[in-house]
Amino acid sequence: QLGERPKGIETVSGLVCEFKEKALQLVSADPRAILDLAIAFKEMGLNEEAKEFIAKISNENRLYEQARALLGEIEFETGTLFAALDVFQELLRQSRSESEPVEHGELNEKKQDDLIKKEALYYCARIYFQLGDLQKAQQYADQLWALDSRYRNLSSLRNSIQEKLNQNDKR
């Protein structure tokens, strides 16, 4: 009959729910696999599911900052800018200072910290730009510029911020 689902075909949401449950059983002790699943859900546009998996990564785990950065991206992409800003500012507060010594075995962690810091600065600049706080947007963009002037489309973002600031000065 028209509008009826053929027998044997489940709804997508039912399949996602079943997949989530089985995946959690398999990877519950593996934070890397949990983060990978969160990334996969985000890529599929299943943001609530991604957030559920992100929440399972403990703040004591070495992947916590990566998980939080992913959460910030999700919040940004879904338009919840203040939630995204909170996440990225938290990451910046927690980031290792440039003067902190790095032990030999921590080199990869330091690279990951630097990448997360750059990502947080980048998103803070974008968020403040979208919110219309051009001074703060410029501050974050300038901090990132000092670290890595070729990061993503930072040059374009800085130009856009400067154009808006110039427009405001003309008024």
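**Figure 1. I34 is in contact with V27, S28, F53, K56 and I57, once its neighbours within four places in sequence are left aside.** Contact here means that heavy atoms lie within 4.5 Å of each other. The view comes from a predicted model, in which local features need a pLDDT of at least 70 and side-chain atom pairs count only at pLDDT 80 or more, while totals for chains, interfaces and linings use all residues. Residues are numbered from 1 along each chain as its sequence is written, and side-chain values use heavy atoms, with hydrogens and water left out. I34 sits in helix α2, where helices (H or I, at least four residues) and strands (E, at least two) are DSSP runs numbered from the N terminus. With a relative accessibility of 4%, I34 counts as buried, a word that stands for under 20% relative accessible area, whereas exposed stands for over 50% and partly exposed for values in between (1.4 Å probe, protein chains only). From I34 to L63 there are 29 residues in sequence, and their C-alpha atoms are 10.0 Å apart in space.

**Figure 2. The protein chain as a whole has eight helices and zero strands.** Read from the N terminus on, its elements follow the order α-α-α-α-α-α-α-α. Of the 171 residues in the chain, 36% are buried. Among the contacts with a separation of 6 or more, 53% are between residues 24 or more positions apart. The average pLDDT, which is the predictor's confidence in each residue from 0 to 100, is 87 for the chain, and 86% of the residues score at least 70. Confidence is lowest in helix α1 (residues 12–27), with a mean of 76, and highest in helix α7 (residues 134–147), at 98.

Figure 3. Not counting residues up to four places away in sequence, N47 touches F41, K42, I74 and T78. With neighbours within four places in sequence left aside, E49 is in contact with V16, K20 and F41.

Figure 4. Apart from neighbours within four places in sequence, Y64 is in contact with I57, S58, N59, E90 and Q94. The C-alpha atoms of Y64 and I54 are 8.5 Å apart in space, and the two residues are ten apart in sequence.

**Figure 5. The largest pocket holds about 290 Å³ of space.** Its lining has 15 residues, of which R62, E65, E109, Q112 and D113 are the closest to its centre. Two or more lining residues come from each of α4 (64–77), α5 (81–94) and α6 (107–131), and α6 gives the most, with six. On a 1 Å grid over the protein atoms alone, a cavity is a set of points where a 1.4 Å probe fits but cannot get out, whereas a pocket is an open set with protein on both sides within 12 Å along at least five of seven lines, and lining residues have an atom within 4 Å of a point. Grid points are joined across faces, edges and corners, and the volume is the space filled by probe spheres set on the points. By class, three lining residues are nonpolar, five are polar and seven are charged; nonpolar covers Ala, Val, Leu, Ile, Met, Phe, Trp, Tyr, Cys and Pro, charged covers Asp, Glu, Lys and Arg, and the others, Gly among them, are polar.

**Figure 6. The second largest pocket has a volume of about 190 Å³.** Its lining is made of L35, I39, Q66, A69, L70, E73, Q112, L115, I116, E119 and Y151. The lining divides into seven nonpolar, two polar and two charged residues.

**Figure 7. R152 lies in the loop between α7 and α8 (154–170).** The phi angle of R152 is near 40 degrees, a positive value in a residue other than glycine. At 47% relative accessibility, R152 counts as partly exposed.
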